[in-house]
Amino acid sequence: MRHVAVEDKLIDAIYATIFGEGSWQDFLDRLSLNLPDGKSALFYHDITKGKGAWDLTRGMDHSLVAQYGNYYCSLNPWMPAAAVRKVGVGVVAEQMYRRDKLVKTEFYNDFLKKVGGESAVGVTIVREEGRSFLLSTLTSSTDPEANRPAAEVLTKLAPHLRRAFRHFRGTTGAKSISDIGATLFDAVNIGMAVIGDRGLVKSVSTEAMRVVDAGKCARINMLGKLKFCTEEADDILTQMLDRSYEGPRSVSCVVDTVKLTFIQVMKDRLSFYFEGPTIVVLMERGAGRQNGGFDIVHFSNVHKLTAAETRAFAGIMAGKNVDEIAREADLSRETIRSQLKGLYAKTGTGGQIDLLRMVGKIIH
């Protein structure tokens, strides 16, 4: 009966995270109490690349956790078996690797003992394309039979964990990011695609679809993944989607006449665990030819222009008058004039000629 009560409390803790009434840290704290000297972790492992990371932990030193991701993940002797075991079934460590062999490994002597673990129980929550998302509790107990009830609890938690996993993946920031793209970037004829874990397209703005439909820069394949017409651009996206990527957050290249800017969205550890990396790809057609290479998005960000002010600015840069800008935006002439006043105030310019003079100095 003791484990039934523990199981119920843990299930409640899982759903509390979904409804915002609890945190995954609360859940890991509760789970860790299920074994002697328990230390729990939500983590992932990519068996094809030999990479992984303990993303959310309880009771573990942060520097040791970092060492796991940087080095010891590739030495973890439990992972080959974890990569093929049945999803949703809790197991004890000895089912994956014999203890008499474990204690002879570098992983055990130089890492596991320092963390404070002698054995463990674990369960695979989700597996996709060689990557496993797992929940495990380390323990000082070396008795497999004493640890087995805790593994059975993990089996009962597994369906609820999968449900939570799907929930958090389905409530990413992609919608808010795509909304920004629809208002700001499309207004200045710059397309935006939001790319999620495994290279899947989460959203594509209207202007980005025009770039894709042109067929000279990018395409969306049958699997829903964005592919580019050059190996360089594909390599940039692949590298930035790697969970272990530590390069620059923004990288640019040109494909045909389209300037591509890849931006890795910053996330907290919880969001990163469930969602994986998210890459925003900006697509600017004719980037090398128009406006002498002037970066209108950068200019807009520097001067904190609104989407409406940026659209008006783009119209001025294209040589359009107030009436033309108003007609294309389906707004009144007075509204555009108001937006231009805001633009001039934020850029410290006295009017259209002064603004164009300012831009000319930047270009040259």
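Biologist: Which elements each supply at least two residues of the lining of the largest cavity?
Modeller: Bear in mind that this is a predicted model. The elements are α4 (79-82), β4 and β5.

Biologist: What volume does the largest cavity have?
Modeller: About 110 Å³. Its lining has 16 residues, and the closest to the centre are Phe43, Trp78, Met79, Met96 and Ser136.

Biologist: And how many cavities of 30 Å³ or more are there in the whole structure?
Modeller: The search finds two.

Biologist: OK, the sheet. What is the strand order?
Modeller: β2-β1-β5-β4-β3, in an open sheet of five strands with antiparallel pairing. β2 (51-57) and β3 (91-92) each have a single partner strand, so one side of each lacks a neighbour in the sheet.

Biologist: How many bridges between β4 and β5?
Modeller: Nine, pairing residues 119-128 with residues 131-139 in the antiparallel sense. Among the bridge partners, Glu128 goes with Arg131 in β5.

Biologist: Which strands does helix α2 lie across?
Modeller: Helix α2 (residues 24-32) lies across β1 (39-46), β2 and β5. The helix runs at about 115° to β1.

Biologist: Switching topic: Glu207. Buried or exposed?
Modeller: Glu207 counts as buried, because its relative accessibility is 3% and the cut-off for buried is under 20%. The residue is in helix α9 (residues 206-214).

Biologist: What does the Glu207 side chain have polar contacts with?
Modeller: One is with the side chain of Arg210, at 2.9 Å. Another joins the side chains of Glu207 and Arg285, also at 2.9 Å.

Notes:
Residues are numbered from 1 along each chain as its sequence is written. This is a predicted model: local features need pLDDT of at least 70, side-chain atom pairs count only at pLDDT 80 or more; totals for chains, interfaces and linings use all residues. Side-chain values use heavy atoms; hydrogens and water are left out. Helices (H or I, at least four residues) and strands (E, at least two) are DSSP runs, numbered from the N terminus. Buried means under 20% relative accessible area, exposed over 50%, partly exposed in between (1.4 Å probe, protein chains only). A polar contact is a pair of N or O atoms within 3.5 Å; within protein, one must be able to donate a hydrogen and the other to accept it, and residues adjacent in sequence count only if both atoms are side-chain atoms. Two strands pair if DSSP finds at least two bridges between them. Contact means heavy atoms within 4.5 Å. Axes are lines fitted to C-alpha atoms, for helices over the stretch in contact, and angles run from 0 to 180 degrees between N-to-C directions. On a 1 Å grid over the protein atoms alone, a cavity is a set of points where a 1.4 Å probe fits but cannot get out, and a pocket is an open set with protein on both sides within 12 Å along at least five of seven lines; lining residues have an atom within 4 Å of a point. Grid points are joined across faces, edges and corners, and a volume is the space filled by probe spheres set on the points.
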